[in-house]
Every structure is written in C-alpha cells, then in structure tokens.
Amino acid sequence: MKVLYFDCASGISGNMTLGALLELTGDEGYLLNELNKLHVDGYHIYISKTKKNGITGTYVDVHLEHDHHHEHHHHHEHRNLYDVNHIIDSSDIDEEVKNLAKRIFLRVAKAESKVHNEPLENVHFHEVGAIDSIVDIVGTAILINKIKPDKIYSSIVNDGYGFIECAHGTISVPVPATCEIFADSDAKTRQIDIDTELVTPTGAAIISELACSYGTQPTMNIQKIGWGCGSKDLKIPNVLKVMLGETNNTHKTITVLETNIDDCTGEILGYTSELLFANKALDVFFTPIYMKKNRPAYRLTVSCKNEDVDTIKDIIFNETTTIGIRMRQEQRFVLKREIIEKETEFGKIHFKRIYFNDEIHDYPEYEDLKAIASKENIPLKEIQEKVK
C-alpha cells in the first residue's frame, strides 16, 4: 500500500507542502502546467533550493505581480468561497483535484466564518482569497492526485507560541483560524518552544483534510523523502518532511470491543446484535460465561474498523445494561473476496468468490439458497449439494 507520512515537526504551511510534494514528484513542469488550467493570472511561482539549519529543501514562493496598472485592483481583491469555488469549477483540472481543493477551502472558510461571526457566503478570505492560497491549495491537490497515495498519515502537528502581526493587528499563536480548523477536525496538535507561528490556516486545512491519523511514523519502507522549506529561519530546521513509502498490507488493524453482561434479556441482546451488524460491525458474537455469584451471563464481542468505534460503543451503551466496555486493537489477515453471480439449475445465485494464492473458491450465498429452499420446498442441504 502506497503511503505518505507528513512530519510536521516545524508546523506546516501551503508553500512548505508544495515544496515537499514537488521533491517527491520531481516535476515542476507538471505542476505549472496544471495550475495554468485555473486561468488565474497576476502571480509568478519561484521554485528554488534553499538551506534551513544545514538541511537542503525546496522553497516555493508565490509572488504576486504588482505593476502600477494592477496595484489598486489587486490590493482590494477579496474573494469569497463562492468566487474561489467558481474559479476551481470552471477550470480544466481533474475532477478529483477540484473536489479535494474545494474541501480544503471549505475548512478554511468555516473557520473564518466562526472567528469573524459571519455567514459562510460572506466570508472574505483576506489572507486566503489571495492568489497565493489558491495556488497553494490547488497545487497541493494537483500533486497529491499525481502521487495517488492509498493513505496519508501525519505526525502530531507542532505550532509555536507568542504573537504575530496580521491584517487585524497583533494576535496570539496559534492564530484563531488555525485553532478553529483543528477544533473541527481529528488533528492532534501541540505547542512547542518556538516564539512564532508555525502552522498557517492553509497548512492546518491541508493536513486536516489529508491525514487519516496522527502520531509516530507507521512501519513503512521509505522510498523517497521530500523536504519543503518555510520562509522563516528558526532555532529548529524550518522544514516539512514528507515521506513516500510502502506499508505491508497483508494484515489490517481492527478494534475489538468486549463487555460482560449478566442483567439483560435475550431479546435485548439479539436486537443489539442486529443493530450492530446494521451499523458496520464486522463481527458480533456472544460467549456464555459465569460471572460473580455464579451468575450465568454473556460476553458480547464486537469487531469493527477503527473509524467506527464511536458508533459501535454508543450502540452498546444505549441498548444494553452494561456500564463498561473493554477495547483492544488486533491485526487480522483478510483474503481478497468479491460477490459474483452465477447461473444454476435454480436460476441466478450470488456467490462469494475468495482468492487464496492461485486458487479461487466460490461459496453460494446462504440467503439466496434459503429463498430457493422455501420456494421449491427442497431441503437446504440438497440445494447446497447441487449448486456446488
């Protein structure tokens, strides 16, 4: 499985992201060519190699062209979300790139709307509507779509502290828009001992949209590293490191939730089981157990994907009498499978097709066989035999 790991030790910004991803794709021409499809002018992109505390990386500078004729015009050019979406939609870039870019912009717009207490459609991106943010965000979407990773992971995102100057005067770090973007995402963040802003709202929106989890680097075989440089010189290297590599995907991590229940009726437990299956549980089963005072009871075990844990947990608490649930992560091996349809003497039947090494096994779907058995009044085992 192809993965990207963003190491945001020194925060993240739009141009740092572009620099790092450009080193991974190694193709400036492709980026510039795709960005031309936006039909936005008034800017120039300078891409250069630069050093931060001895580390060489790529610095991307989106430079706004101010000639006297345009000076006044650009200075007052405030775009809102509608304008930005219109630019993206009416361009000739890939559909996937458009959607990703619009999702990143929406995160910024929602945060700005909250900070300034204005409805979404009124929000003017001062710092964001500016051309450089359009270039940063759409450029990032273009390069991510070129790399096409299966998963994107991130480190915990570091920001600094202190105060910075902005259009509204002096504000504290992390800046309000960045705070609100992170508050509306699953990102994990912290402050480190650097007296300035490390995470821009654009950077916050990019990593919040891209990353599926935050923590130390997963076990992966690293094939290439991109280093993107920020504009500031700090006491730590101001670089965003993005690693491209492979993870071994033969086993997947799932979550197993378990609870012991001795005061719940069979009807309620049966209903809970149906509800869990209907809400993405991978497996649900009961084990008869004996609890304290030799009470006969049941252990409920549910396995699910990591992202569905909250849903599953809430159903168990809502529907049963339990007051505590244990949780653990487990690995599982999964064979490749698909549902196919085959013509049989009883008509069309769905089969589960399983691939293992070079073998293919087809197993008829129980519900289809059950329907035939009751319709034709033939024992289920006979139908199974014939269909095999």
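Is Asn53 buried, partly exposed or exposed? Asn53 is partly exposed, because its relative accessible area is 41%, a value between the 20% and 50% cut-offs. The model discussed here is predicted.

**Asparagines in loops**

Asn53 sits in the loop between β2 (43-52) and β3 (55-64). Its phi is positive, about 50°, although Asn53 is not a glycine. Asn377 also has a positive phi without being a glycine, here about 60°. The loop that holds Asn377 runs between α12 and α13 (380-387). Asn377 counts as exposed because its relative accessible area is 71%, and exposed means over 50%. Asn248 belongs to the loop between β13 (239-246) and β14. Asn248 is exposed too, with a relative accessible area of 59%. From Asn248 to Arg107 the distance is 32 Å, C-alpha to C-alpha, and the two are 141 residues apart in sequence.

| Residue | Loop | Relative accessible area |
|---|---|---|
| Asn53 | β2 to β3 | 41% |
| Asn248 | β13 to β14 | 59% |
| Asn377 | α12 to α13 | 71% |

Another backbone feature lies at Pro174. A cis peptide bond joins Val173 and Pro174, with omega about 0°. Pro174 is in the loop between β9 (169-172) and α8 (176-183).

**The three-stranded sheet**

Strands β18, β19 and β20 form an open sheet, in that order, with antiparallel pairing. Its edges are β18 (336-344) and β20 (359-364), each of which pairs on one side only. From one strand to the next, the twist averages 35°.

Consider β18 and β19. Their antiparallel pairing covers 9 bridges. They form a hairpin, with 2 residues between the strands. Within this pairing, Arg337 has Ile354 of β19 as its bridge partner.

Next come β19 (residues 347-356) and β20, which are antiparallel and joined by 6 bridges. These strands form a hairpin as well, again with 2 residues between them. In that turn, Asn357 has a positive phi of about 50°. Two bridge pairs can be named. Phe351 is partnered by Pro364 in β20. Ile354 is partnered by His361 in β20. Helix α12 (residues 366-376) lies across β19 and β20. Its direction is at about 155° to β19.

**Nonpolar cores**

How many residues make up the largest nonpolar core? It has 57. Leu4, Phe6, Leu21, Leu35, Val138 and Ile207 have the most contacts inside it. Helix α7 (residues 131-147) supplies the largest share of this core, 10 residues. Another core lies apart from it and has 14 residues, among them Ile261, Cys264, Ala281 and Ile315.

Beyond its neighbours within four places in sequence, Phe6 is in contact with residues including Ile12, Thr17 and Leu21. Its contacts also include Ile152, Tyr153, Ser154 and Ser155. Further along the chain, Ile207, Leu210, Leu240, Lys241 and Val242 touch Phe6.

Thr25 lies in helix α1 (residues 14-25). Thr25 is buried, because its relative accessibility is 19% and the cut-off is under 20%. Apart from residues up to four places away in sequence, Thr25 touches Leu143, Lys146 and Ile147.

**The largest pocket**

The largest pocket holds about 1200 Å³ of space. Its lining has 31 residues. Which of them lie nearest the centre? They are Lys151, Tyr153, Cys212, Thr253 and Asn306.

Several elements each supply at least two lining residues: β6 (151-154), β11 (213-214), β14 (251-261), α11 (309-319) and β17 (326-333). Strand β14 gives the most, with 5 residues.

Key:
Residues numbered from 1 in each chain as written. Predicted model: local features only at pLDDT ≥ 70, side-chain atom pairs only at ≥ 80, totals over all residues. Heavy atoms only, no water. Helix = DSSP H or I, 4+ residues; strand = E, 2+ residues; numbered from the N terminus. Buried < 20%, exposed > 50% of the residue type's maximum accessible area, 1.4 Å probe, protein only. Contact = heavy atoms within 4.5 Å. Pairing = 2+ DSSP bridges. Axes fitted to C-alpha atoms, helices over the stretch in contact; angles between N-to-C directions. Core = buried A, V, L, I, M, F, W, Y, C linked by side-chain atoms within 4.5 Å. 1 Å grid on protein atoms, 1.4 Å probe; cavity = no way out; pocket = protein on both sides within 12 Å on 5 of 7 lines; lining within 4 Å. Points joined across faces, edges and corners; volume = space filled by probe spheres on them.
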